[in-house]
Amino acid sequence: MIYYTLSFAQYYQHLIQVKVRFKAQTQQKIWLPTWIPGSYLIREFARHIESVKALEVSTGNAIQLQKLSKNQWQLHNAQANEIEVSYQVYAYDLSVRGAYIDDERLYINPAAVCVAITGQEDSTVQVQLEIPERFSRFELATSLTVVDGHKPTYTLTASNYHALIDQPFELAEQACMSFEAENIKHRVAISGRHDTDLKRLATDLGKICSSQIRMFGEAPFKDYLFMVMATANSYGGLEHQSSTSLITPRDDLPKSSEPAKPSVNYQRFLGLCSHEYFHAWLVKFIRPHNYVKPNLHQEDYTTLLWVFEGITSYYDDLMLYRSGVIDHDAYIDLVKDQISRYLGNPGRQIQSVAESSFDAWIKYYRPDENSNNAGTSYYNKGALVALCLDLTLRQHGSNLDQLMQALYQRAKNGQHVDEHTLPQLCQQLTGNDMAEFFHHYVNGTTELPLQQLLAEYGVSVQMENKVWPLGLKVQDTPQGLLVQQVLRDSAGAQAGISAQDTLIALNGLKATNNLLQQVGSHTDPMPAVVCHAFRRDELKTFEIQGGGFMTSAAKLLIEDKNRLRQWIDNATKS
Ligand SMILES: [Zn+2]
C-alpha cells in the first residue's frame, strides 16, 4: 500500500503539503506524470513541485534524493526501508486538468499532486486529506472510495495509481443533486457562484444519460458523478471512468426561467455533459491499445483521436436529439454549424484527421495564426467523418450504433482499438470492404461526401459563399485593426500582410471593419488597395492586389422528415 497525506493548511497561498509513505525497492525512483489522460499536451506538472525530501521512517534519518530528469527522482540507499517523501505543490490552475486551492475551493487532480512510486504503480493507494477548519462545513465530491469521512480528515482509497489519477476530488460549497438513469445513481455537484435550476438540470441530464446507456445496453460504471465549476467564461471538460470534471460559464446553466426548448447557452452545457459522459464508454472503456497503461513520462501517440474525440463529438449532439432534449430542427442546426466550421477550414486540404490525431500534442493543443491554414480538427472533421461513416454503414444495412456496440463487446473481452479495428469491424458488419472510406476520409484529405450522403437521408446541403475581406480576420482595437489570421494565398497574404500587424489606414482613410469590408470584399479586378500598418513599432506600406477570399458555409434544409428520422432516431436493430 502507498499512503499519501495531503495537507491544505496554506490554502491562502495555494500550497499543498504532501507526504508519501511506502516501502522502497532497489534503486527506488519516484515520478510525476507530464500529462493527464484525456488532454494531449505535455503539461509538466512537476514544475509546481518544491522542496522534495526523503527520510527513513524508523530512524528519521534523511535519505539522499537525486533529481534524474524533469519529472523523476532517485532515492539512494533506501532499499527495503519504509520511506517518507515530502514536498510542497503550488496549486493555482483553474482548469479541469490541474490542481487549484484558495479560500473557497480545494480541487485536486492527483496526477498533478501525487508522485508515483516506480514499479509500485499497481499497489493499492490510500489518501488522507487534512482539511482546514474553514472547509469543514463543505462536502467532498469525488468518485474515489471514501473509507473515512470524519472531518477534519478524509481517508480515500483507489485500487492503484492509474485509478487514483483518474479520479479528481473537490471540497467547496456545492449545489448537489442526484438522479437515477436506467437504475444507476448519478450525482451532480456544482461549485462557484451560480443560480441553477437543479430540477430542470436533473430532468434533462437524466434523459441524456438514459439514451446513452440504452444505446450501449449497459454502463461501464456503478455510479457516476458530474463535477461542475461555474465561472464567468471558462469552458472545458475532462472525462474519467465514472466521473467528469466540467468548467462552464454560469450563463450556460439553466435558471428557473429557462425555456422548454433549451437556449443556445444551456444546449452548449448539455452538449458538454453529453460529450464527457459518452467518453465513459469511448476512450475510458473502449481504449486505444496504447492507452490501457499510457506512458505518462512523454507524449504517447495515437492516430485514433478522430475516433475517440470525433465519434464522441458526433454522438454528443445526436444524443441531445435522441433523448428528446432538443428537436430535429435544433439538431440539424448543430450539424449545419459543424459543416460550416469544416468548410471554413482550408487546412482540411493539407492535414488528414489521422495526422491531426497524431500531432495533437504539438498542433491541435498549441494553436497559432497558421493553424486554420495548415491543420484540421479531429473533433470537427472527426465528427463529420463519423456522420459519413454512420450514413455509409446504413447504406449497407448496418449503422454506427452497431459499430459502437461491437467495440464495447470487444473491450469487455479485453480487446482494444488499433488502426485496423474499425475497418475490420465495418467489413464484418456490412460484408463489404470499406478500406476505401478510411483511405480517403481518415488517412487522406478527400472532401467528405456530405451533400450526397445527407441527400439520401432527406437533408439537402446548400453552399453559401463566405467572403474574408482581403483574406484577413481582424480584431478592432483602439490602435487599429489587429490581424489575427491571414488565409494562405489570399490577396492579403500575397501582399505580405501578417498576423499581429495592426492596419491603421486603407486607401488613406482610417482602417475600420466597415472600410475593410468595402475595399476588400469584391471579387472582380479592382485598383490596388494601399494599406498602412504597424508591424511591431515599424510603419509599413502594402499594395494589395485583388479582393476577398472565398470559403463556403453550409445551409441545411430538411426535405423529407421521414428519411431524416431513419438516420437520427435510434434505429438500432441489434
Ligand atoms: Zn472529448
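This is a predicted model: local features need pLDDT of at least 70, side-chain atom pairs count only at pLDDT 80 or more; totals for chains, interfaces and linings use all residues.
## Zinc site

Three protein residues donate to the zinc ion: His 275 through NE2, His 279 through NE2 and Glu 309 through OE. Along the chain, the donors follow the spacing H-x3-H-x29-E. His 279 and Glu 309 link distant parts of the chain, 30 residues apart. His 279 sits in the loop between α3 (264-278) and α4 (305-322), while Glu 309 is in helix α4.

His 279 has 0% relative accessibility, so it counts as buried. Glu 309, at 1%, is also buried.

## Surroundings of His 275

His 275 is placed in helix α3. Its relative accessible area is 9%, so this residue is buried too. Beyond its neighbours within four places in sequence, His 275 contacts Glu 309, Thr 312, Ser 313, Asp 316 and Tyr 379.

## An exposed histidine

His 150 is found in the loop between β14 (145-148) and β15 (153-158). Is His 150 buried or exposed? Its relative accessibility is 60%, so it counts as exposed. Ser 136 is 14 residues away from His 150 in sequence. The C-alpha atoms of His 150 and Ser 136 are 9.8 Å apart.

The structure contains 22 salt bridges. One of them joins the side chains of Arg 134 and Asp 103, at 3.7 Å from N to O. Arg 134 is in the loop between β12 (125-130) and β13 (139-142), and Asp 103 is in the loop between β9 (99-101) and β10 (105-108), so the bridge ties together parts 31 residues apart in sequence. Arg 134 is partly exposed at 42%. Asp 103 is partly exposed at 35%.

Glu 173 pairs with Arg 137 in another salt bridge, with the closest N and O atoms 4.0 Å apart. Glu 173 lies in the loop between β16 (169-172) and β17 (175-181), and Arg 137 in the loop between β12 and β13, so this pair ties together parts 36 residues apart in sequence. Glu 173 is exposed, with a relative accessible area of 52%. Arg 137 is exposed at 60%.

## A buried salt bridge

Asp 401 and Arg 322 form a salt bridge, their closest N and O atoms being 3.0 Å apart. Asp 401 belongs to helix α9 (residues 400-412) and Arg 322 to helix α4, so the pair ties together parts 79 residues apart in sequence. Asp 401 is buried, at 0% relative accessibility. Arg 322 is buried as well, at 15%.

Terms used:
Residues are numbered from 1 along each chain as its sequence is written. Side-chain values use heavy atoms; hydrogens and water are left out. Donors are N, O and S atoms within 2.8 Å of the metal (3.2 Å for Na, K and Ca); water is not among the atoms, so sites may look incomplete. Helices (H or I, at least four residues) and strands (E, at least two) are DSSP runs, numbered from the N terminus. Buried means under 20% relative accessible area, exposed over 50%, partly exposed in between (1.4 Å probe, protein chains only). Contact means heavy atoms within 4.5 Å.
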